[in-house]
Amino acid sequence: DAVEIETGHPAVATNVVGRLLHPDVVASLRLDVLPKLEQLAVVEDNEGKGGTVRPAAAAAMVAVLRLLPARDLDADISRVLGKMANCLRSRAQGVRDSARAALASASAGLGAAHLPSIVSLLTTRLDRGFMIHVLGATLFTILDATVTPDSDPEDVEDALREIIPV
């Protein structure tokens, strides 16, 4: 409401959950909480092919991301989900399964509106060899988790433009 008093216009929440947060809270979430959750969610390996994904920490990270305003969310989402997507490049089936589950949970939490950016991220990271098959399985899992009868058809249609070439 302080924004309304200062500008004369009502404050509009631009985050996924529709709540307006104080700028200091947003700064604390981005600078303190989110980096710690990133460290917990994805444990990097020495080979550069991802590491291990902890789905519970990834779910907590998405809950924090949903609180951020749209401009901050867009800036952070590709970095955060990219770390999880890198784990899909591993040859270890268990690592890929946990990364796939975490990405599906994240996509479901963010909603169908973010599907095009998630699909684009995956298609650029998983682009050769066995990763093409991993991409197909991951896209199916993400779509199954995200697209519901309540999803906006326009959001799903936007995602189709990214999915059909795959």
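Good morning, colleagues. Please keep in mind throughout that this is a predicted model. I shall begin with the overall architecture, turn to the helix contacts, and finish with individual residues.

The chain has 166 residues, of which 37% are buried. Its secondary structure amounts to eight helices and two strands. In sequence order, the elements run α-α-β-β-α-α-α-α-α-α. What share of the contacts between residues at least 6 apart in sequence join residues at least 24 apart? The figure for this chain is 67%.

Let me now move to the helix pairs. Two packed helices are described by the angle between their axes and the distance between the axes. I shall give both values for each pair.

The opening pair is helix 2, residues 23–41, with helix 3, residues 55–67. Their axes approach within 8 Å, and the crossing angle is roughly 160°. Because angles over 145 degrees count as roughly antiparallel, helix 2 is described as roughly antiparallel to helix 3. The crossing of these two helices is left-handed. On the side of helix 2, the contact involves L29, V33, L34, L37, E38, L40 and A41. Helix 3 contributes A57, A58, A60, M61, V64, L65 and L67. Which classes of residue make up this contact of helix 2 with helix 3? There are 13 nonpolar residues, no polar ones and one charged residue.

We continue with helix 3, which also meets helix 4, residues 70–86. Here the axes come within 11 Å and cross at roughly 170°. Helix 3 and helix 4 are therefore roughly antiparallel to each other as well. From helix 3, the residues in the contact are A58, M61 and L65, and from helix 4 they are L73, D76, V80 and M84. By class, this contact of helix 3 with helix 4 comprises six nonpolar residues, no polar residues and one charged residue.

The last pair is helix 4 with helix 6, the latter covering residues 115–125. The axes come within 10 Å and cross at roughly 45°. That angle makes helix 4 oblique to helix 6. The crossing of helix 4 and helix 6 is right-handed. Helix 4 presents S78, L81, G82, K83, A85 and N86 to this contact, and helix 6 presents I118, L121, L122 and R125. The contact of helix 4 with helix 6 counts five nonpolar, three polar and two charged residues.

V33 belongs to helix 2. Its relative accessible area is 31%, so V33 is classed as partly exposed. Setting aside neighbours up to four places away in sequence, V33 touches S28 and V64. The C-alpha atoms of V33 and M61 lie 8.7 Å apart, although 28 residues separate the two along the chain.

E38 is likewise a residue of helix 2. Is E38 buried or exposed? With a relative accessible area of 7%, E38 is buried, the cut-off being under 20%. Beyond its close sequence neighbours, within four places, E38 is in contact with M61, R79, V80 and K83. With K83, there is a polar contact of 3.1 Å between the two side chains. K83 has already been named among the residues of helix 4 that meet helix 6.

Two residues of helix 7 complete the survey. A137 is situated in helix 7. A137 is partly exposed, at a relative accessible area of 34%. A137 and R100 are 37 residues apart in sequence, and their C-alpha atoms are 8.7 Å apart in space.

T146 is also found in helix 7, which spans residues 131–146. T146 is buried, its relative accessible area being 5%. A polar atom of the T146 side chain lies 2.8 Å from the backbone oxygen of I142. Not counting residues up to four places away in sequence, T146 touches S107, A108, G111, A112, L115 and S151.

That concludes the presentation. Thank you for your attention.

Definitions and conventions. Residues numbered from 1 in each chain as written. Predicted model: local features only at pLDDT ≥ 70, side-chain atom pairs only at ≥ 80, totals over all residues. Heavy atoms only, no water. Helix = DSSP H or I, 4+ residues; strand = E, 2+ residues; numbered from the N terminus. Buried < 20%, exposed > 50% of the residue type's maximum accessible area, 1.4 Å probe, protein only. Polar contact = N/O pair within 3.5 Å; in protein donor to acceptor, adjacent residues only side chain to side chain. Contact = heavy atoms within 4.5 Å. Axes fitted to C-alpha atoms, helices over the stretch in contact; angles between N-to-C directions. Parallel < 35°, antiparallel > 145°, perpendicular 65-115°, else oblique. Left-handed = near helix turned anticlockwise from the far one by under 90°. Nonpolar A, V, L, I, M, F, W, Y, C, P; charged D, E, K, R; others polar.
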